[in-house]
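Let's take a walk through this structure together, one piece at a time. Please have the sequence and the 3D view open as you read.

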Amino acid sequence: MSRASVIFVVFLLSIGVSMTGCSDGKEEPASKTRQTAPAAVLPHVMTTFAQELAVVGEAPKKAAAGAVVPLIVRVKNTSEQIWPAKGVSPDDVENRVRLGAYWVSAQGKQLPEEGYALLTEDLRPGESAELALEIKAPDARGVHVLHVSMLQEAVAWFSSKGAEGLDIPMMIE
């Protein structure tokens, strides 16, 4: 017998011993021998996008070009679904819900500057939270609108699905 054949036979025998060697011949019911982990509850894709948003305090009316604009927004989950704070991807992003904002120019064009605030925990229907958001003001001077809405990562902005967003006109100087 060749050396490779001997190694192969030893390998097969070791598998057979490991499968039967620990058994005392008595079989336990499957419910006692197989422990299964509870199924993970994964964040769902929202089917209703309902929100109430309000600025806490007074919304800024002007900002310097390129400056960071701070904003505290009270968000309320007016849907019948839980807003998950964590997502399903390895980095907890996909399908999580968070607050977002972006600028819209006087010509109606969405600008690249965006800002976000994370939920610290899942938000159940009827619950509210205050989230601190910071966003860089556009470099272009003039009147711009800061559009604020909840969004579900990799799904949609709530305002694009019919929920009323918060639009804050601001003079950028």
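Strands β4 and β5 form a hairpin with 5 residues between them, and in its turn G108 has a positive phi of about 85°. Strands here, like helices, are DSSP runs numbered from the N terminus: a helix is H or I with at least four residues, a strand is E with at least two. The model is a predicted one, in which local features need pLDDT of at least 70 and side-chain atom pairs count only at pLDDT 80 or more, while totals for chains, interfaces and linings use all residues. Residues are numbered from 1 along each chain as its sequence is written, and side-chain values use heavy atoms, with hydrogens and water left out.

β4 and β5 pair in the antiparallel sense over 6 bridges; two strands pair if DSSP finds at least two bridges between them. Across from Y102 you will find E114 in β5. In the loop between β4 (97-104) and β5 (110-118) lies S105. S105 is buried, with a relative accessible area of 10%. The word buried stands for under 20% relative accessible area, exposed for over 50%, and partly exposed for what lies in between, using a 1.4 Å probe and protein chains only. Leaving aside neighbours within four places in sequence, S105 is in contact with L111, V143 and H144, where contact means heavy atoms within 4.5 Å.

Now look at the aromatic rings. A pair of aromatic rings is described by the distance of the centres and the angle of the planes. Rings of Phe, Tyr and Trp (its six-membered ring) pair if their centres lie within 6.5 Å; planes under 30 degrees apart count as stacked, over 60 as edge-to-face and the rest as tilted. By this rule there are 4 aromatic pairs. One of them is the edge-to-face pair of Y102 and W157, at 5.0 Å centre to centre with 90° between the planes. Because Y102 lies in strand β4 and W157 in strand β8 (residues 156-157), this pair ties together parts that are 55 residues apart in sequence. Y102 is buried, at a relative accessible area of 12%.

W157 also pairs with Y116: the ring centres are 6.5 Å apart and the planes are at 35°, so this pair is tilted. With Y116 in strand β5 and W157 in strand β8, the pair links distant parts of the chain, 41 residues apart. Y116 counts as partly exposed, at 30% relative accessibility. Over the ring of Y116 sits the charged end of R98, 3.7 Å from the ring centre; the rule for this asks for NZ of Lys or CZ of Arg within 6 Å of the ring centre and within 35 degrees of the ring normal. Elsewhere, F49, W83 and F158 form one aromatic cluster.

Next comes the backbone. Most residues other than glycine have a negative phi. N95, however, has a positive phi near 80°; its place is in the loop between β3 (68-77) and β4, and N95 is buried at 8%. A154 has a positive phi near 65° and is found in the loop between β7 (142-152) and β8. Is A154 buried or exposed? With a relative accessible area of 66%, A154 is exposed.

Our last stop is H147, found in strand β7. H147 counts as buried, at 9% relative accessibility. Not counting residues up to four places away in sequence, H147 touches several residues, including Y102 and S159.
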